[in-house]
Structure formats: structure tokens, C-alpha cells
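Open the model in your viewer and keep the selection tool ready. This tour goes stop by stop.

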Amino acid sequence: PLVYLNGAWSPLSEAKISVLDRGFIFGDGIYEVVPVYHRKPFRMSHHLARLERSLGALRIRNPHTLVEWEDLVRQLIDSSPADDQFVYLQVTRGVAKRDHAFPTNDVTPTVFGMTSPFTRPDARQRDHGVSVVSMPDERWLHCEIKSTSLLGNVLAKQYAVDHQAQEVVMFRDGFLSEGSSSNIWVVKDGAIIAPLKNHLILEGIRYGFIEGLAAARGLPIEIRPVTEAEVQAADELMLSSATKEILPIVSYNGQPVGAGKPGPVYARLRKEYDEAIA
Ligand code: PDD
């Protein structure tokens, strides 16, 4: 597959950016990860809408129209032989002399796109679940922006790795926020419970999928602040992201979640997701 950088296509190893790119210097940029199944992007319009929102939050002008973005994603997919892929898009504020403030001249945003073969979560993870550990959410207060400034998320994911877990579950002031790179779901007495969509979490495209599904199928769902005690006492826990899809969490801080195996609400969501991407 070829990668896209500022209007040009090249092999990945030949794509080069300036060391003064504000993405490199300041993490001053945003990104998206769009999953592709059977060569078709899943929920692309939602991803592109979020990309637009992230750019708006950083006051970076969107360098492309919706149609141009769709074309770019299509060309990336076409450049790869893989059926299932994930397309990575990144936009930074561009190249400028190092100064924290936005450049005053009209710099051109840097646009980068690549696609990778998508190795979907394997049967072991889907059928037997993953383990998580909890930690305080030490990130900043604009987690709704899908920013490439990911140091807090990087340290959180490493905390999971260091504790032989696949993901963290983070809490801010005693309330559930999210994982390092996923949204977290609680199930209690048959109800799906998720934290509010505010500046403390990234509103995942799978978050929207699950919320919409619950509405369409009449599944009980509560979107509200979730305490640490509720997470500990959950019947089921799940995580969701573009790359992990929806996975059951069977171990929380070394303790079994509910029955210690994937539960019925997970099974339902898994089936619905598999059908949606088929
Ligand atoms: N991460 N929360 C955070 C902090 C995330 O980074 C992600 C996704 C999500 C889930 O969003 P979605 O359902 O749209 O993937 C929630 C991507 C996959 C990543 O950074 O690679």
C-alpha cells in the first residue's frame, strides 16, 4: 500500500515531514482511525464528522471537503490488497518556526493518510475476554478532541502492559471516564451503563453505534456518571474501539467480573456488531 502525504503518494518509507511540523514539535494535530471491512469503510461519515469537530476544536481549517476525504479513504483502501484494513488519517497545524502560539501567517495543514491490514480481535479475546486494571485519569480536560497529543493515553496503556492487562479503566474524581484507547461499558441487572459524553471522554464511533443500537432494539441503557463501586460490582464490563471492536472484560484488578466469563449483553452486542460490519 501507498501512503498519502500532502497531495502525494509514496511508499511509507519515503514519506517525509519537516522536523518543524507542529505535529512533531507540539503534538498539535488530530487523527482518526477508520475500520474497513470487506474493503468498505465502516461508519466513515461518523469518523469524518468527528475529524471535522476535532479540527474545529483546535481551530485548524479543514483542508478537505467531505467528498475529498471520502475519495482519499477510497484511494487508500484501493492501494491495499487486504480485505479488512484500518485507515489512519492525521492532520496537523502544519510547519512553522517553533512558537507555542498559532502561526500568524496562513500555514498549510499537514495531511497524512495510511492504511494497515486489520487483524481483528482473535477468537480467544472475543470468546474469553480481556483483563483490565484501574488507574486515575491523569489526562487533560479536553479528551473529547481526538488529538495526537496522546502522552497521557500512552502512559496509561503502558500501565496496563506493566500490569499484565490489556487495557486500563480510568477514573476522574471517582467516576468512570474511559480506557487508554477505548470506551468502557458497564452492565448491571441487564442495563447497559456508560459515562456521559462530555469533555472527559472521547465519544467513540462505537459508543454511538451501541447507543443507537440500544435505542433501536429497546435495550435498557443509562448514560450517566458511573462510580468506581459500580464498575467493581458490574455483572459485565466491556470495551469498544475501532481496532478492538467490542470485547468482554473478564478480569478487573485481578478479580473476576461477574461470573468471570463473557455475559449475555456482550454476546448480544457482539452479534449485532458482526452483523453490522458483515
Ligand atoms: N482509539 N477513547 C479513546 C481515548 C480512544 O483513543 C478511542 C479510539 C476510543 C474509541 O473510539 P472509536 O470507537 O471511535 O474507535 C475511545 C483509536 C482506535 C486509536 O487511538 O487507535
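A note on the model: it is predicted, local features need pLDDT of at least 70, side-chain atom pairs count only at pLDDT 80 or more, and totals for chains, interfaces and linings use all residues. Residues are numbered from 1 along each chain as its sequence is written.

**Stay on α2.** Select M44, H47, L48, R50, L51, S54 and L55: they are buried (20 or more other C-beta atoms, placed from the backbone, within 10 Å of their own). They cover an arc of only 160 degrees around the axis, so they sit on the same side of α2. The arc is that of the directions from the helix axis to the C-beta atoms. Their cover includes β3, β4 (40–41), α3 (66–78), β5 and α6. Just after α2, R59 has a positive phi of about 55 degrees.

**Next, the domains.** Color domain 1 (3–117) and domain 2 (123–277); the bounds come from an automatic or database domain assignment. Their centres, over C-alpha atoms, are 26 Å apart. The contact (C-beta atoms, placed from the backbone, within 7 Å) takes 20 residues from domain 1 and eleven residues from domain 2.

**Last, the ligand.** Select L202, G204, I205, R206 and A242, which come nearest of the 14 residues around the ligand (C-beta atom, placed from the backbone, within 6 Å of it).

How values were computed: Two residues are in contact if their C-beta atoms, placed from the backbone, lie within 7 Å. A residue is buried if 20 or more other C-beta atoms lie within 10 Å of its own, exposed if 12 or fewer, and partly exposed in between; C-beta atoms are placed from the backbone. Helices (H or I, at least four residues) and strands (E, at least two) are DSSP runs, numbered from the N terminus.
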